[in-house]
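Here's a quick walk through this model, from the overall fold to the metal site and a few helix pairs. Have the viewer open and follow along.

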Amino acid sequence: MKQSRLALSFVLVLALGCGGSGGDFNLISLEEEWQLGQQLSQDIARQVPLNNDPTVNAYIREMGQRIVSQTNMANLPWNFHVVNDNEINAFAIPGGHVYIHTGLIKAASNASEVAGVMAHEISHVLARHSTEQISRQYGISILAGLVLGQNPGVLQQLAAQIVAGGALARFSRSAEEEADALGLQAMNLAGYNPNGMVTMFRKLLQNRRSSPGAVERFFSTHPLTEDRIQDTQRRIQTLPQRSTITNDAGFSQVKARV
Ligand SMILES: [Zn+2]
C-alpha cells in the first residue's frame, strides 16, 4: 500500500511538473491544497447559509487563529466560517477552511468546548486527511486535474458532497485519533483547558442517545466512541502543563447571538 502510494505520488509530481510536497506521502503540495480549498469554499458559500454576524465571526476567527498559531501551519492563511444550522456539527475542507455550525455553539457550555472541536477540525487539515480522502475516492489523476482546474464537475460534486454530508468524507479511526492528539496539544498550547475536548465529546455522545438526528452528520463523518474519549483523558494526564481557560467573556455574548 505504502509502496503504491509512493509510486502514485511520484507520477503526480511528474504530471504537475513541479516539486514534491513536504510529507512522505503527500499527494499534492500545500500550495495546491490551498488553491483547491479556495475553489471549494466558494462553491460551499453558494450552498450553505453562512452566518454574517460580525461579532460571532470575529470570535470564531480569533479562537481559530489562536489555535492555529500553535501549529506548524501557522504561517498559512486560514479561514473560519460559521454556518447557520442547528445540527451540532463542524467540518474542515482542504486548504485551511474550517466550518462551525451555530448548533454546535448553542450546544457548547463554554469556550473550551468549542475550542476542542475546532482544534480537532484544524488538525484534520494539519494531518492533510482530506486530500488523502479525495485521492482515495477519486484517484490521483482526478486530484491533479482538480488542482489545475480541469475537473469543474468533480469540484462541484465534492462541494455537493460536503454540503449534503456535513463534511468531505468519513474519516478513519486512526485519522480521528491523530486529529484528537494534535488538536489537544494545539488547544492546550493556545491556553484552552484541554478538558473542553472531553466534555464536548461527552455531550455529542449524550446527544446521540437523546436526539440522534442532531448529531447524525458529525458521527457519520467523525466516528466518535467512548474509547476515544478515554484516550483523550489519558493524553491530558500526560501533558506537561494544563491550560486553564475554560470560558471567556465573548462566549456567552456569541451564544446569545446565534
Ligand atoms: Zn474528526
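Contact here means heavy atoms within 4.5 Å. On that basis, residues 24 or more positions apart account for 72% of the contacts in the protein chain with a separation of 6 or more. This is a predicted model, where local features need pLDDT of at least 70, side-chain atom pairs count only at pLDDT 80 or more, and totals for chains, interfaces and linings use all residues. Residues are numbered from 1 along each chain as its sequence is written, and side-chain values use heavy atoms, with hydrogens and water left out.

The protein chain has 13 helices and three strands. Those are DSSP runs numbered from the N terminus, with helices being H or I of at least four residues and strands E of at least two. Of the 258 residues, 53% count as buried, meaning under 20% relative accessible area with a 1.4 Å probe and protein chains only (exposed is over 50%, partly exposed in between).

**The zinc site**

What coordinates the zinc ion? H120 (NE2), H124 (NE2), E176 (OE), E176 (OE) and H222 (ND1) do, at 1.9 to 2.4 Å. Donors are N, O and S atoms within 2.8 Å of the metal (3.2 Å for Na, K and Ca), and since water is not among the atoms, sites may look incomplete. Along the chain, the donors follow the spacing H-x3-H-x51-E-x45-H. H120 and H124 both sit in helix α5 (residues 111–126), and because they are four residues apart, about one helical turn separates them. Both histidines are buried.

**How the helices cross**

Axes are lines fitted to C-alpha atoms, for helices over the stretch in contact, and angles run from 0 to 180 degrees between N-to-C directions.

| Pair | Axes come within | Crossing angle |
|---|---|---|
| α3 (residues 54–68) and α13 (residues 249–257) | 9 Å | roughly 135° |
| α5 and α10 (residues 195–210) | 7 Å | roughly 90° |
| α6 and α8 (residues 152–165) | 13 Å | roughly 120° |

Angles under 35 degrees count as roughly parallel, over 145 as roughly antiparallel, 65 to 115 as roughly perpendicular and the rest as oblique. On the α5 side, S112, E113, G116, V117 and H120 make the contact, with G196, M197, T199, M200, F201 and K203 on the α10 side.

α3 and α13 are oblique to each other. T55, V56 and Y59 in α3 meet G250, F251, Q253, V254 and R257 in α13. α6 and α8 are oblique to each other too, and their contact is made by I134, Q137 and Y138 of α6 and V154, Q157, L158 and Q161 of α8.

Is I229 buried or exposed? At 0% relative accessibility, I229 counts as buried, and its place is in helix α12 (residues 226–238). Not counting residues up to four places away in sequence, I229 touches V198, F201, R202, L205 and L224. The C-alpha atoms of I229 and V198 are separated by 6.0 Å, though the two are 31 residues apart along the chain.

R128 lies in the loop between α5 and α6 (129–138). Its phi is near 60°, a positive value in a residue other than glycine. Most residues other than glycine have a negative phi. R128 counts as buried, at 5% relative accessibility.
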